[in-house]
Amino acid sequence: YALADPVRSQVLIDFERANEMADEVGQNALLGAVASRMAALEAFATMGSPQERALWVFYTDLAAFERAEDARYIDHGRQSRIWDGFVIPRGCEINRSEDAKLAFAQSIREHLVPRDGSGRTVKIEIFDRTRIGSRGVDSLVQVMAYVEGMAVSTLTFDDSGELVRRLQRPPVEVAFAYSPESGALDVLAKGG
């Protein structure tokens, strides 16, 4: 089918996002992000591929799909060079208030801006999720910090087909996953 270029590009991007969630880590992240794990398992049982399951979540609950993408990011990155693990006290309450998010974002800015100029803009998101662990399904609290990175200049085509240089400040993701039951804290951050 002939689709207009912007529509075709968006469909390709959406399908690529769903395909990224087709591995085992992505499928577990999808199950951990949906409102009802059991309802999702029942729906998944009728589907023929992991891509179909990912697209089902994408089209039925985009917010859950996006949380699952964040969950996959930290779960896939565990044991990588950008991952570190800590044990902190069990049962800590995570303050989810807007004031707490703003204070956390401010502390990130205060650390990064003088260091390398990044971090001028920071967005904090907090959500609950699950992950398959050695003892079964673990309940986690995940905190995502989207930190404005250093400016980069890229060459792109404008609407008239001319090459133009555009300045972008891509976000850097910093992820924290805390298990109140075990006290395990996973941290994923590029650059340590």
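Is Phe65 buried or exposed, and what is its relative accessible area? Phe65 is buried, and its relative accessible area is 0%. This comes from a predicted model.

**The whole protein**

The protein has 6 helices and 7 strands. From the N terminus, the elements run α-α-α-α-α-β-α-β-β-β-β-β-β. The C-alpha trace spans about 55 × 50 × 30 Å along its principal axes. There are 192 residues, and 34% of them are buried. Consider the contacts with a separation of 6 or more: residues 24 or more positions apart account for 58% of them.

**Helix H2**

Helix H2 covers residues 24-33. Of its 10 residues, 7 are buried, so the rest of the structure largely encloses this helix. The buried residues are Gly26, Gln27, Ala29, Leu30, Leu31, Gly32 and Ala33. What do the buried residues of H2 pack against? Their partners are H3, H4, helix H5 (62-77) and strand S2 (122-133).

**Two helix pairs**

Two packed helices are described by the angle between their axes and the distance between the axes. The table gives both values for two pairs.

| Helix pair | Angle between axes | Distance between axes |
|---|---|---|
| H3 and H4 | about 130° | 10 Å |
| H4 and H5 | roughly 125° | within 5 Å |

Take H3 and H4 to begin with. Their axes pack at an angle of about 130°. The crossing of H3 past H4 is right-handed. Which residues meet here? H3 brings Ala40, Ala43 and Phe44, while H4 brings Arg53, Trp56 and Val57. By class, this contact has 5 nonpolar residues, no polar ones and 1 charged residue.

Now H4 and H5. These axes cross at roughly 125°. H4 and H5 are therefore oblique to each other as well. On the H4 side, the contact uses Ala54, Val57, Phe58 and Thr60. On the H5 side, it uses Leu62, Ala64 and Phe65. The contact of H4 with H5 divides into 6 nonpolar residues, 1 polar residue and no charged ones.

**Aromatic pairs**

How many aromatic pairs does a search of the whole structure find? The search finds 4. One of them joins Phe44 and Trp56. Their ring centres are 6.0 Å apart, with 80° between the planes, and the pair is edge-to-face. Phe44 belongs to helix H3 (residues 37-44) and Trp56 to helix H4 (residues 50-60), so this pair ties together parts that are 12 residues apart in sequence. Phe44 is buried, at 8% relative accessible area. Trp56 is partly exposed, at 30%.

Phe58 and Phe65 form another pair. Why does this pair count as edge-to-face? The planes of the two rings stand at 85°, and planes over 60 degrees apart count as edge-to-face. The ring centres are 5.0 Å apart. Phe58 is buried, at 9% relative accessibility, and Phe65 is buried at 0%.

The ring pairs also build a group. Phe58, Tyr59 and Phe65 are linked into a cluster.

**Back to Phe65**

The details on Phe65 can now be put together. Phe65 is buried. Phe65 takes part in the contact of H4 with H5.

How values were computed: Residues are numbered from 1 along each chain as its sequence is written. This is a predicted model: local features need pLDDT of at least 70, side-chain atom pairs count only at pLDDT 80 or more; totals for chains, interfaces and linings use all residues. Side-chain values use heavy atoms; hydrogens and water are left out. Rings of Phe, Tyr and Trp (its six-membered ring) pair if their centres lie within 6.5 Å; planes under 30 degrees apart count as stacked, over 60 as edge-to-face and the rest as tilted. Helices (H or I, at least four residues) and strands (E, at least two) are DSSP runs, numbered from the N terminus. Buried means under 20% relative accessible area, exposed over 50%, partly exposed in between (1.4 Å probe, protein chains only). Axes are lines fitted to C-alpha atoms, for helices over the stretch in contact, and angles run from 0 to 180 degrees between N-to-C directions. A crossing is left-handed if the near helix is turned anticlockwise from the far one by less than a right angle, and right-handed if clockwise. Contact means heavy atoms within 4.5 Å. Ala, Val, Leu, Ile, Met, Phe, Trp, Tyr, Cys and Pro count as nonpolar, Asp, Glu, Lys and Arg as charged, and the others, Gly among them, as polar. Angles under 35 degrees count as roughly parallel, over 145 as roughly antiparallel, 65 to 115 as roughly perpendicular and the rest as oblique.
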